[in-house]
Amino acid sequence: SAIAELSYVDADFSGESIALVFGTETSGLTEAKQAMTDLCISVPMQESPLRFLTLSVVVPILVEHVLSD
């Protein structure tokens, strides 16, 4: 999420069950969906002319990180 204050590398994924929920590439999760989550995280981007990362890039990053945590 663009408004998330916690990076995925700092999040604790050691719980019994985890559900990763992804928003749209351009606008992220709606406020209503964010309100239903326990935690919103971000995949930080360096200064770049790119506005967002595609889901095909973000999903493997997060899945690999969760599985290795």
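Modeller: Buried means under 20% relative accessible area, exposed means over 50%, and partly exposed is in between, with a 1.4 Å probe and protein chains only. This is a predicted model, in which local features need pLDDT of at least 70, side-chain atom pairs count only at pLDDT 80 or more, and totals for chains, interfaces and linings use all residues. Residues are numbered from 1 along each chain as its sequence is written, and side-chain values use heavy atoms, with hydrogens and water left out.

Colleague: Is Ser48 buried, partly exposed or exposed?

Modeller: Ser48 sits in the loop between β2 and α2; helices (H or I, at least four residues) and strands (E, at least two) are DSSP runs, numbered from the N terminus. Its relative accessibility is 34%, so Ser48 counts as partly exposed.

Colleague: Is Glu47 buried or exposed?

Modeller: Glu47 also belongs to the loop between β2 and α2. Its relative accessibility is 83%, so Glu47 counts as exposed.

Colleague: Which residues does Val43 touch, leaving out those up to four places away in sequence?

Modeller: Val43 is in the loop between β2 and α2. Contact means heavy atoms within 4.5 Å. With that cut-off, the residues touched by Val43 are Tyr8, Leu53, Val58 and Leu62.

Colleague: How far apart are the end C-alpha atoms of α2?

Modeller: The helix α2 covers residues 55-68. The expected span of a helix is 1.5 Å times one less than its number of residues. For the 14 residues of α2 this should give 20 Å, and the distance between the end C-alpha atoms agrees: 20 Å.

Colleague: Where do the buried residues of α2 lie around its axis?

Modeller: The buried residues in α2 are Val58, Leu62, His65 and Val66. Seen down the axis, they fall within an arc of 100 degrees (taken from the directions from the helix axis to the C-beta atoms), so they line one face of the helix. An α-helix has 3.6 residues a turn, so residues three or four places apart point the same way. The buried residues pack against β2 (41-42), while on the other side of α2 the exposed residues are Ser56, Leu67 and Ser68.

Colleague: What is the relative accessible area of Val63?

Modeller: Val63 lies in helix α2. From Val63 to Val43 is 20 residues in sequence and 12 Å in space, C-alpha to C-alpha. Val63 counts as partly exposed because its relative accessible area is 35%.
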